[in-house]
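I opened this model to look up its pockets, its helices and a few single residues. My notes follow in the order I made them.

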Amino acid sequence: MGFYVMSVVVAFGLALIVAFLQNSRRQFYENIQLCAKSIGDVNIIIMLFIFLMAGAFSGIAKAAGGVESTAHLLLNFVPGAFAVPGLFLIACLISMSMGTSVGTITVLVPIAASVAQDAGLSLPLTVGSVVGGAMFGDNLSFISDTTIAATRTQGTRMQDKFYANLKLAVPAALVTLAVLFAASLSSSPAELGQFDYSLLLAMPYFIVLIMAVIGRNVFLVLGTGIVLFFGLGIATGMTNLSKAFSAMGTGTNGMFETMIVTILAASISAIMRDGGGFDALLAFIRTNFKGKTGGRLGIGLLTVLMDVATANNTVAIVVAGPIAKTISEEYDIAPRDSASLLDTCSCIAQGIIPYGAQLLIASAIAGITSLSIIPYLYYPLFLAVVVLGWIFIDKGKSK
């Protein structure tokens, strides 16, 4: 838990103080003006508003029982002989609908641990499959904070980034499924049992997913989801008026840290750019990475290093985003590709590091160490191979 002892807001606050002190020729109010201009950028403002709505959506969906109903609905269709690949697929769908890998892990890992214990399956394998599926959905979800950060920092549409991600995520997921199916053939069938669910409460997630895929505005998509869960939760008696509003408030509160980091990161980026920090990074990349392939590799490596340093994939994207935008313009990389690289590479790193929230929560629930899960994280490892192959083989189109 070392990376969660100090708040990431405090860490970025200290970094901003260092940025203020680095250039003694620039007055304090000149630094403030640079920060204010950067924070007032339209993409930053839109990102902050979407974060608020995504938090409210997550809160009301949980309070209305939509998360459990959706998971239980899908679990009833999983054959006992293929419990592990079934859990992987369900984690993919739930995370893609919810927009959060941590929420998916919290819901599914207790079930996965129980299934593994009852059927004598490998607990690290079962838990690792859920974590891998959760990262798949988080990477592709339209309402994930990583998608929001990646698309807004690169100035591209969510649909364009989604289709760019598909060609990376789907091959890795198919290989993962093949490996899990092969492993299931040599193990005993699991008894999953029957789970209670409400089709009505699961429906808003699928409506939100369909609206997002066909290209509806993200504010409309999230607003529709909030209204549906709010109304259905009260109508079915799962929540009441006061609890529903309280849940939305709790959901938005959960986004405050990400929003504050976004503001601080935008401020630091503005001072870095003005002080020549971006130029220094570009000079390093020009020297060591050549052509469009080198530019893509630079963006991917930068994102992975940021995630390893911060243990938070959204924060990694927010920090790396402005630099990645500069690199993509320098190397003629399409914005959808740079956004896809930011989101995908951050998910790879976050899905593997043993001190990330995903593995820490999964290991705590399952009662095993996070290190024991890493060898069974097939999806993030296969995704890393696919991304490297795409970087070096696909020539791509100009922006």
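I am working from a predicted model. I began with the second largest pocket, where α13 gives the most to the lining, with seven residues. That pocket holds about 500 Å³ of space. I counted 19 lining residues in the record of it, and Ser38, Asp41, Ile44, Arg273 and Pro322 lie nearest its centre. Two or more lining residues come from each of α2 (28-39), α3, α8 (145-154), α13 and α16. By class I get eight nonpolar, five polar and six charged residues.

**Helix α13**

I stayed with α13. It has 20 residues and reaches 29 Å from first C-alpha to last, close to the 28 Å expected at 1.5 Å a residue. Which of its residues are buried? I found Thr258, Met259, Val261, Thr262, Leu264, Ala265, Ala266, Ser267, Ile268, Ser269, Ala270 and Ile271. The buried residues of α13 pack against α1 (8-22), α2, α3, α14 (277-288) and α16. Just after the helix, Gly276 takes a positive phi of about 95°.

**The largest pocket**

Next I looked up the largest pocket. Its volume is about 1,000 Å³. The lining has 37 residues, and Ser58, Thr100, Val102, Gly103 and Gly254 lie nearest the centre. The elements giving two or more residues to this lining are α3 (42-63), α4 (66-75), α6 (101-119), α12 (241-253), α13 (256-275), α16 (313-330) and α18 (357-366). Which of them gives the most? It is α3, with six residues. I sorted the lining by class and noted 15 nonpolar, 17 polar and five charged residues.

**Helix α4**

I then turned to α4, one of the elements that line the largest pocket. This helix is mostly covered, with nine of its ten residues buried. I listed the buried ones as Gly66, Val67, Ser69, Thr70, Ala71, His72, Leu73, Leu74 and Leu75. What covers them? The cover includes α3, α5, α6, α10 and α11 (218-235).

**The cavity**

I asked how many cavities of 30 Å³ or more the structure holds. There is one. The largest cavity has a volume of about 40 Å³. Its lining is Met96, Ser97, Ser141, Phe142, Ile143, Tyr205, Val208, Leu209 and Ala212. The most come from α10, with four. By class I noted seven nonpolar, two polar and no charged residues.

**The nonpolar core**

In soluble globular proteins, nonpolar side chains tend to be buried together. I checked the core here. The largest nonpolar core has 117 residues, and Phe12, Phe57, Leu108, Val131, Tyr379 and Val387 touch the most other members. I followed Leu108. Leaving out residues up to four places away in sequence, Leu108 touches Ala71, Leu87, Ile90, Ala91 and Val130. Ala71 was already on my list of buried residues in α4.

**Leu383**

I picked Leu383, which is found in helix α20 (residues 378-393). Is Leu383 buried or exposed? Its relative accessibility is 2%, so Leu383 counts as buried. Leu383 touches Leu168, Ala169, Ala172, Thr344 and Ile348, again not counting residues up to four places away in sequence.

**Two positive phi values**

Last, I looked at residues other than glycine with a positive phi. Ala311 has a positive phi of about 55° although it is not a glycine. Ala311 lies in the loop between α15 (291-310) and α16. Its relative accessible area is 1%, so Ala311 is buried.

Asp332 also has a positive phi, near 60°, and is a residue other than glycine. Where does Asp332 lie? I placed Asp332 in the loop between α16 and α17 (335-350). Asp332 counts as partly exposed because its relative accessibility is 30%.

Conventions: Residues numbered from 1 in each chain as written. Predicted model: local features only at pLDDT ≥ 70, side-chain atom pairs only at ≥ 80, totals over all residues. Heavy atoms only, no water. 1 Å grid on protein atoms, 1.4 Å probe; cavity = no way out; pocket = protein on both sides within 12 Å on 5 of 7 lines; lining within 4 Å. Points joined across faces, edges and corners; volume = space filled by probe spheres on them. Nonpolar A, V, L, I, M, F, W, Y, C, P; charged D, E, K, R; others polar. Expected span 1.5 Å × (residues − 1). Buried < 20%, exposed > 50% of the residue type's maximum accessible area, 1.4 Å probe, protein only. Contact = heavy atoms within 4.5 Å. Core = buried A, V, L, I, M, F, W, Y, C linked by side-chain atoms within 4.5 Å.
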